[in-house]
Amino acid sequence: MKFTLSWLKDHLETDATLDEILYALTDLGLEVEGVENPAERLSAFTIGYVAKAEKHPDADKLRVCQVETDGGKTQIICGAPNAREGIKVVVAKPGVYVPGIDTVIGVGKIRGIESYGMMCSEREMELSDEHDGIIELPSGEIGQSFTHWLEENDPAKVDPVIEIAITPNRPDALGVRGIARDLAARGLGKVKAQERASVPGAFASPIDVSIDADATEACPVFYGRVIKGVKNGPSPAWLQDRLKAIGLRPISILVDITNFFTYDNNRPLHVFDANKVSGDLRVHLSKGGERMVALDDKDYTLDAGMTVISDANGIESLGGIMGGAASGCTEETVNVFLEAAFFDPIRTAHTGRKLKINSDARYRFERGIDPEWTPEGIEHATRMIMDLCGGKASEVVMAGQMPDHSRAYKLDTDRVQSLVGMEIPGEEQRKTLTALGFTLEGDMAHVPSWRPDVLGEADLVEEVARVASLTKLEGKPLPRADVGVPKPVLTPMQKREQAARRMLASLGYNECVTYSFIDQPSAELFGGGSDATKLENPISTEMSHLRPSLLPGLLQAAARNQARGFMDLALFEVGPAFHGGEPEDQQLVASGILVGHSGPKDMHAARRPVDVFDVKADAEAVLNAIGAPAKVQILRGAEEWWHPGRHGKVCLGPKKVLAVFGEIHPKVLTAMDIKGPAMGFTIWPAEVPFPKTKSATRPALHLRDLQAVERDFAFVVDQNVEALVLVNAAAGSDKALIQDVRVFDEFSGPKAEEQMGAGKKSLAITVRLQPSEKTLTDEEIEAVSAKIIEKVSKAAGGTLRG
């Protein structure tokens, strides 16, 4: 929405400066998007007097002028045909920027004679396209600022143009008067009274109007009148200046008047050439398939249900959007039919979008205009047409009835404090609403017809707070419900989630935030993709199912990075995974992947491909950070998307799985276009048991002062027996006494089979015994060793190597 400062002052009596107005507009919610102030770019130009002008000795078309300025007499060489002695001119001194030629004036020599400035034309100052000669001023004092002279003699040329952004809920601000009303409510002046421009009819209108029964919702009310004997032509200078300033092209005085009221009072109008209208006008809904050439000279084919205005020959106008070319006004127009109607916003919007017509009328009707100003609007427009074009007006014809948009809401002055947090006296609230056009009867506030956005008590509070300025809001701490140390804000699970994020980030992983929706093929690779997790209305086919795991999103992110040349990746995500469509089927998961190598290339050959033990260490670090027990079991038997021989489950028992780590199965990597092996892990924080006792302090540190004992065992087992089986069996022999079990040697291959038999290998483990009450005796150590041998033999079929 554009308007000029002088146009605003036609409706607002104010002494506020431009800066004060701009600040208030933005603060009121009418954000200022731009200001074009010609006075700023012309402020350095002054008025001079040509005391003497002589022909240049070396150029026939140049004159050497002696110009009196505020800095004394200055020599300026000028080639304008009207440069002569005795005229007042506009002078640009050295150092002044001339916008029309995009040049900073300097001291120069022209054909050997120095010139200390420039005398300007209108085009050089971007005042008009006139450049046949320099500006000649009829008045003015030597040294006077040219902008001050323009303000006194031609203010339109230095009138600031303001552009504001209009939100969809403020159609009243699409008229200059509505903007003035807001500023007056803020206290920046007083809205000028708008006189009623009633024009009595001199004769009965020869054109009548009717609205079909099925179109009363699309066009509830329609006013019109004929004006005979008008003289169409160019608009007066003041009207053209205003329209040009806001970016509109003056067309003719009749059309310009309708455009003026569109921006002045948010009242779109239309004028038909009455001599081109056959019979009466009828407002109805289109049947579909009709064609009409609009004023933009485009041919439109209408759909059924569009609001149209027809005469005996056919459709003449699209209601609320654009008139037809067949009945448009030209310079030969002498009789016009002036239309002022109210059209349904929703139907107008649908029609405009379908036909792809963007017009000022549509922009306003689809947001909502003031229906009650419709009869006032036709009277004001009639008066302006008669004043500028002459003619006589008929009586007003009316069809339909004014829609009832009256409504009232209770003004609860205490709700400003509860809803906004501002303390505004009740009397000031009532004064604000009155200034905005609301009518107060007791505690009931009647909404003005030009505010379709006010639909409840909260909207009244919003208006009061908006005018009072939300910049006055002060932050106040909420009162404490309980005295003393406040309770934790985060739940234990939220703290656990936070700890997992921090640990993974500290390990060098980059956090990803991927969609919770993935495609069905990717979901099926990780045990999902069923109808239970299928979205009823997916965004796209690539987001059709809830993710059963975080790994698909991380692998897709890795594939995108590899496609762009980033081959070494460490990514993680903490978020929900879904195994069904019910709330209980959602669980929090922390997952990460490693792809590529452990680091960049270096001269020490420290770079190596990532392996299973990298993700194992990272998963254990996260488990430790979220409070998992130190003693856990590593078991096989994870899902099929893990490599069958290169993965492990971190468990507290066969059924209590805390995490899974390992290499992603090659078939999954192929399906997801991942180059090279990829390691990953998944942790379920909710499966980690919470401490039985809750305390803000750490438990006491228990140090054991007794000597630990280590014993080595070498077992002969089958080639397919995993070392983990031995470790778990040995650790379970005496959980209270055995502190740690480690594998330190493996002897396999042809030589091992020669010594131990075909299909056999040797695994050596170290068992650390840590007593807590007394030093172990040889008998006690031997008894534990016997248990270890028995357990390993039973679990792995191993025998002690001799």
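User: What is the mean pLDDT of the protein?
Analyst: The mean pLDDT is 92, and 100% of the residues reach 70 or more. pLDDT is the predictor's confidence in each residue, from 0 to 100. This is a predicted model: local features need pLDDT of at least 70, side-chain atom pairs count only at pLDDT 80 or more, and totals for chains, interfaces and linings use all residues. Residues are numbered from 1 along each chain as its sequence is written, and side-chain values use heavy atoms, with hydrogens and water left out.

User: Where is confidence lowest, and where highest?
Analyst: Lowest in helix α11 (residues 415–419), at a mean of 82. Highest in strand β38 (residues 678–683), at 97. Helices (H or I, at least four residues) and strands (E, at least two) are DSSP runs, numbered from the N terminus.

User: Switching topic. How many salt bridges does a search of the whole structure find?
Analyst: It finds 38. A salt bridge is a side-chain nitrogen of Lys or Arg within 4 Å of a carboxyl oxygen of Asp or Glu. One of them joins Asp-27 and Arg-186 (3.0 Å, N to O).

User: Which parts does that pair tie together?
Analyst: Asp-27 lies in helix α2 (residues 18–27) and Arg-186 in helix α5 (residues 176–186), so the pair ties together parts 159 residues apart in sequence.

User: Are Asp-27 and Arg-186 buried or exposed?
Analyst: Both are buried. Buried means under 20% relative accessible area, exposed over 50%, partly exposed in between (1.4 Å probe, protein chains only).

User: And which residue forms a salt bridge with Arg-501?
Analyst: Glu-497, with the closest N and O atoms 2.7 Å apart. Arg-501 is partly exposed, at 27% relative accessible area.
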